[in-house]
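Subject: Structure handover

Hello,

I am passing on the structure we spoke about. Please look through it below; my notes on what was found follow.

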Amino acid sequence: MITLSWLLIIALVGGALALVDGIRRLRGRGSSVVGIIEVVVAALFVLSLFLPGIPFGSLVLGIATLVVLVVALIVRGRTSLAVTIAAIVLVALWLVLVNRWLVIPGIN
């Protein structure tokens with residue numbers, strides 16, 4: 001059984017936005033290598049939240065997703081920046097809260 005918490009919701013929305021951004025990069029013109037890497041890493045990140053057998057764990061995949069999103073923001077292409085920036089903010093917020101660098105009662 002999966003416990004629904006704010007941390008899980010933040011991670012799911014951030015991972016889903018990263019996945020959508022990667023798919024939009026693959027459909028548009030430009031660098032498809034970044035899109036492929038972004039789709040793979042974001043999909044593994046979302047799956048690692050539910051399945052314990054995913055290699056590297058959700059923390060490492062969250063960091064990898066954040067790095068790929070920053071690279072995608074720098075490369076840009078023809079996609080909009082709003083989805084990429086929203087995914088970066090949510091994944092970074094999840095990383096800060098999961099590592100307890102910032103404690104907000106009721107969330108972590």
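A residue is called buried when its relative accessible area is under 20%, exposed when it is over 50%, and partly exposed in between. Ile23 has a relative accessibility of 41%, so it counts as partly exposed. Please keep in mind throughout that this is a predicted model.

Overall fold

The protein chain has four helices and zero strands. Read from the N terminus, the order of elements is α-α-α-α. The radius of gyration is 14 Å, close to the 13 Å that the globule rule gives for 108 residues, so the chain is as compact as a globular protein of that length. Along the principal axes, the C-alpha atoms occupy a box of roughly 45 × 30 × 20 Å.

Of the 108 residues, 33% count as buried. The chain exposes about 6,400 Å², and 74% of that area comes from carbon and sulfur atoms. Among contacts with a separation of 6 or more, 61% are made by residues 24 or more positions apart.

The nonpolar core

Which residues touch the most other members of the largest nonpolar core? They are Ile10, Ala18, Phe45, Leu69 and Trp94, in a core of 16 residues. Each of α1 (6-27), α2 (32-48), α3 and α4 (81-98) supplies at least two residues of this core. The most come from α4, which gives seven residues. As background, nonpolar side chains in soluble globular proteins tend to be buried together.

Ala18, one of those core residues, is in contact with Glu38, Ala42, Thr65, Leu69 and Ala87, leaving aside its neighbours within four places in sequence.

Thr65

Thr65 sits in helix α3, which covers residues 57-75. Is Thr65 buried or exposed? Its relative accessibility is 2%, and the limit for a buried residue is under 20%, so Thr65 counts as buried. A polar atom of the Thr65 side chain lies 2.7 Å from the backbone oxygen of Leu61. Apart from neighbours within four places in sequence, Thr65 is in contact with Ala18, Val41, Ala42, Phe45 and Val91. Two of these contacts, Ala18 and Phe45, are also listed among the core residues that touch the most other members.

Helix α2

At 1.5 Å a residue, the 17 residues of α2 should span 24 Å, and its end C-alpha atoms are 24 Å apart, so the two values agree. The buried residues of this helix are Val34, Gly35, Glu38, Val39, Val41, Ala42, Phe45 and Ser48. What covers them includes α1, α3 and α4.

Ser48 is found in α2 and has a relative accessible area of 11%, so it is buried. Not counting residues up to four places away in sequence, Ser48 touches Ile54, Gly57, Ser58 and Leu61. Leu61 is also the residue whose backbone oxygen lies 2.7 Å from the side chain of Thr65.

Partly exposed residues

Ile9 is found in α1. At 32% relative accessibility, Ile9 counts as partly exposed. Where does Ile9 lie in relation to Trp94? The two are 85 residues apart in sequence and 9.4 Å apart in space, C-alpha to C-alpha.

Leu93 lies in helix α4. With a relative accessible area of 32%, Leu93 is partly exposed. The C-alpha atoms of Leu93 and Gly106 are separated by 15 Å, and these residues are 13 residues apart along the chain.

After the last helix

Arg100 is placed in the segment after α4. Phi of Arg100 is near 60°, a positive value in a residue other than glycine. At 53% relative accessibility, and with the limit for exposed residues at over 50%, Arg100 counts as exposed.

Regards

Methods
Residues numbered from 1 in each chain as written. Predicted model: local features only at pLDDT ≥ 70, side-chain atom pairs only at ≥ 80, totals over all residues. Heavy atoms only, no water. Rg over C-alpha atoms; globule rule 2.2 N^0.38 Å. Buried < 20%, exposed > 50% of the residue type's maximum accessible area, 1.4 Å probe, protein only. Contact = heavy atoms within 4.5 Å. Areas by Shrake-Rupley, 256 points an atom, 1.4 Å probe, with all protein chains shown as cover. Polar contact = N/O pair within 3.5 Å; in protein donor to acceptor, adjacent residues only side chain to side chain. Core = buried A, V, L, I, M, F, W, Y, C linked by side-chain atoms within 4.5 Å. Expected span 1.5 Å × (residues − 1).
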